[in-house]
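Have a look at the picture first.

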Amino acid sequence: MPDRFAGRRSRTALAAVAALSCLGTAALAGCDSGPDRTTKGAAAGQRPSAAAPVWDRSPGSVAAVGDSITRGFDACSVLADCPEASWSTGTDSTVRSLAVRLLGASGAAERSWNHAETGARIAQLPEQMALAAKEDPDLVTVMIGANDACRDSVRVMTPVADFRASFEASMRQLRSTAPKTQVYVSSVPDLKRLWSTGRGNQLGKEIWKLGICKSMLGDADDMSAPAVARRAAVRERVVAYNDVLREVCAKDPRCRYDGGAVFDYRFTGKQLSPWDWFHPGRNGQARLAEIAYRNVTAARPPA
């Protein structure tokens, strides 16, 4: 999650789809279907085979980009990354990451890569995409945006136009090297719901005072009109970010957005980190893996 979502800034590491030869919109989904389907078979009176779908429901390798959630921050120990518990590429048997569910335990260890960074914002995503593309993965998972809303104040949240420009640049970066790699885009979690859930834990609120997501979690028990308006503004910005992720992803036939599934998921205390009561713990990471696996392997994209 955030540069503040991570709790410590010091831990932050620091063309569009390739041209298709098919003509016409109706042919777009079938441009990758392989051998000629129209010459000899058609001449013999045979009907051409149906165009193969673009989306492969059983990718053979997975790369991850994003922020501290995908790094498993605070899932195993306080204020530390735990990539083995990542919902996307982790190897923890209690999480059963997307990679484990798709590839098996040994396959996930050999054919998955995690390029997410704790504290990353959308502006850093093009660089992460470039690293992921070098692996030539069948699938890239994206979870980014919480840090862009989790800032020291509402005033310095990433503008929606800048968020869009960075995500579009990220997709271009990937497509310039890996035109056939599929992309699964997770929605940004509902930070206000996480605040509402976590504020019931006194220890968690003490950790929040260290500076985690001040725009949402600052003065956690303050219910004055300005505080309520501040939290509403953060939630509204997250909704706008998710609209961008959905709209940009929809332009790429090999991109699948989660339909808002992560944003809508009602995390309980059981799913949150026992150290900061904000990031997903192992149980929460497992729930994220379930959502991703269901959407990646579905016959149709989420509505």
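Y265, at 24%, counts as partly exposed.

Before going on, a word on the ground rules. This is a predicted model, where local features need pLDDT of at least 70, side-chain atom pairs count only at pLDDT 80 or more, and totals for chains, interfaces and linings use all residues. Residues are numbered from 1 along each chain as its sequence is written, and side-chain values use heavy atoms, leaving out hydrogens and water.

Now for the rings. Phe, Tyr and Trp rings (six-membered ring for Trp) pair if their centres lie within 6.5 Å; planes under 30 degrees apart are stacked, over 60 edge-to-face, the rest tilted. The structure has three such aromatic pairs. One of them joins W208 and F278, edge-to-face, at 6.3 Å centre to centre and 70 degrees between the planes. W208 sits in helix 7 (residues 202-208) and F278 in the loop between helix 10 (261-264) and helix 11 (282-297), so their pair ties together parts 70 residues apart in sequence. Both W208 and F278 are buried. The rings of Y265 and F267 have centres 4.9 Å apart and planes at 80 degrees, so this pair is edge-to-face too.

F278 turns up again in the largest nonpolar core, which has 66 residues: V142, F167, V185, L191 and F278 touch the most other members.

Conventions
A nonpolar core is a set of buried Ala, Val, Leu, Ile, Met, Phe, Trp, Tyr and Cys residues joined through side-chain atoms within 4.5 Å. Buried means under 20% relative accessible area, exposed over 50%, partly exposed in between (1.4 Å probe, protein chains only). Helices (H or I, at least four residues) and strands (E, at least two) are DSSP runs, numbered from the N terminus.
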